Amino acid sequence: MIGTLFSFAKPALHALDAETAHQLTIRGLSLMPISPAPADDARLSTDVFGRRFPNPVGLAAGFDKQCEVPDQLLGLGFGFVELGGVVPKPQAGNPRPRVFRLARDEAVINRFGLNSEGLDAARRRLAGRRGRPGIVGVNIGANKDSTDRIADYVLCIERLCGLADFLTINVSSPNTPGLRDLQGEAFLDDLLARSMEARDRADQGRRKTIVLLKIAPDISLDTLDAIVATALKRGIDGLTVSNTTIARPDSLKEKALASETGGLSGKPLFMPSTKLLAETFLRVERKIPLVGVGGVDSAEAAWGKIRAGASLVQLYSAMVYKGPGLIGDIKRGLLQVLGTERTTLAQAVGRDASAIAQGRF
């Protein structure tokens, strides 16, 4: 039903600038009644991070930046949703225009700059849905003008624990100056140590909030080695691979738009992010789960992420072009391949990581 509606609405939405269209989409979702998603086939359920996910297909951060419509999004059929990014103090982000559709590439470039209504607004909205079903996480960042960015992450963790199932530490957005520097070994060690201490303090006497670290695709393997070692040492629950890229592949067709600054997402990100995912899987040695994100636009792409090492996958940009019907298409496609290959999701995780790390997809 909603997929049919999208097919009618898409021409009108794409006639508008991308940010206005997105705002209208969020507004439309907010007017929808909250209803549970149809039950998923049991073969799609998976146990990760000590939680049971009804299916492995999640919504990536950046769609519901202000934590406005998590339950409506779950009702579309996602197995989990990630909200945000949220930063402590409200900030406007970068000037508009700051998001661009590369239609022929099925890609998006954004330079939002973590525009956020701030931590208090996010807390209020999350508190209002307390007790509702569904796995909901929040992507957290630091204010652009912060003098102590690690303290920003600590504050977000302290105040969001108990209101979300998981929190994702975002040190990989390319649109906040200096943020990716926090992926350096010394900074990252301090950040993760203080973040996990904050989680443990905030969660005393209740179920632990999952803490994930989201990394950039534009890193060397030496940097990846250091990130993985630090994450394992500090007890991070999992890694999300990966954020948007600052690279501009020669294969891009929308040459004029490709010159816009910001992070590139969508189909062109699939191969580099999936290769990095496989490299990460080989390094973590199944000690922690991975979330695969970047270019998931079909069941085949989702299956590729799983074979590369992802226990869960996320998408966002593909919905700009294919609409919410894509969620059901991916789930049906995964069921088909599970049946054809007579396997399970758990058995398939990382099955082809070595080959994919070498570029053999």
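Which residue in β11 is the bridge partner of Asn110? In β11, that partner is Gly263.

## About the model

This is a predicted model, in which local features need pLDDT of at least 70 and side-chain atom pairs count only at pLDDT 80 or more, while totals for chains, interfaces and linings use all residues. Residues are numbered from 1 along each chain as its sequence is written, and side-chain values use heavy atoms, with hydrogens and water left out.

Strands here are DSSP runs of E with at least two residues, helices are runs of H or I with at least four, and both are numbered from the N terminus. Two strands pair if DSSP finds at least two bridges between them.

The open sheet has three strands in the order β5-β6-β11, with antiparallel pairing. Strands β5 (99-102) and β11 (263-266) stand at the edges with a single partner strand each, so one side of each has no neighbour in the sheet. On average, neighbouring strands of this sheet are turned by 20° against each other, direction ignored; the axes behind this angle are lines fitted to C-alpha atoms.

## A covered helix

Now to helix α10, which spans residues 299-308 and has nine of its 10 residues buried (buried means under 20% relative accessible area, with a 1.4 Å probe and protein chains only). Among the buried residues are Trp303, Lys305 and Arg307.

What covers the buried residues includes helices α9 (270-284), α12 (325-341), α13 (345-348) and α14 (353-357), along with strands β12 (290-293) and β13 (312-315); contact means heavy atoms within 4.5 Å. After α10 comes Gly309, whose phi is positive, near 135°.

## An aromatic cluster

The structure holds four aromatic pairs. Rings of Phe, Tyr and Trp (its six-membered ring) pair if their centres lie within 6.5 Å, and planes under 30 degrees apart count as stacked, over 60 as edge-to-face and the rest as tilted. Phe53 and Phe80 make an edge-to-face pair, 5.3 Å centre to centre with 85° between the planes. Phe53 lies in β2 (residues 51-53) and Phe80 in β4 (residues 80-86), so this pair ties together parts 27 residues apart in sequence.

Phe80 is buried at 2% relative accessibility. Its ring and that of Phe166 have centres 6.2 Å apart and planes at 65°, so this pair is edge-to-face. Phe166 lies in β8 (residues 166-170) and Phe80 in β4, so the pair ties together parts 86 residues apart in sequence. Phe53 is buried at 1% relative accessible area, and Phe166 is buried at 4%. Phe53, Phe80 and Phe166 form one aromatic cluster.

Methods:
Axes are lines fitted to C-alpha atoms, for helices over the stretch in contact, and angles run from 0 to 180 degrees between N-to-C directions. Buried means under 20% relative accessible area, exposed over 50%, partly exposed in between (1.4 Å probe, protein chains only).
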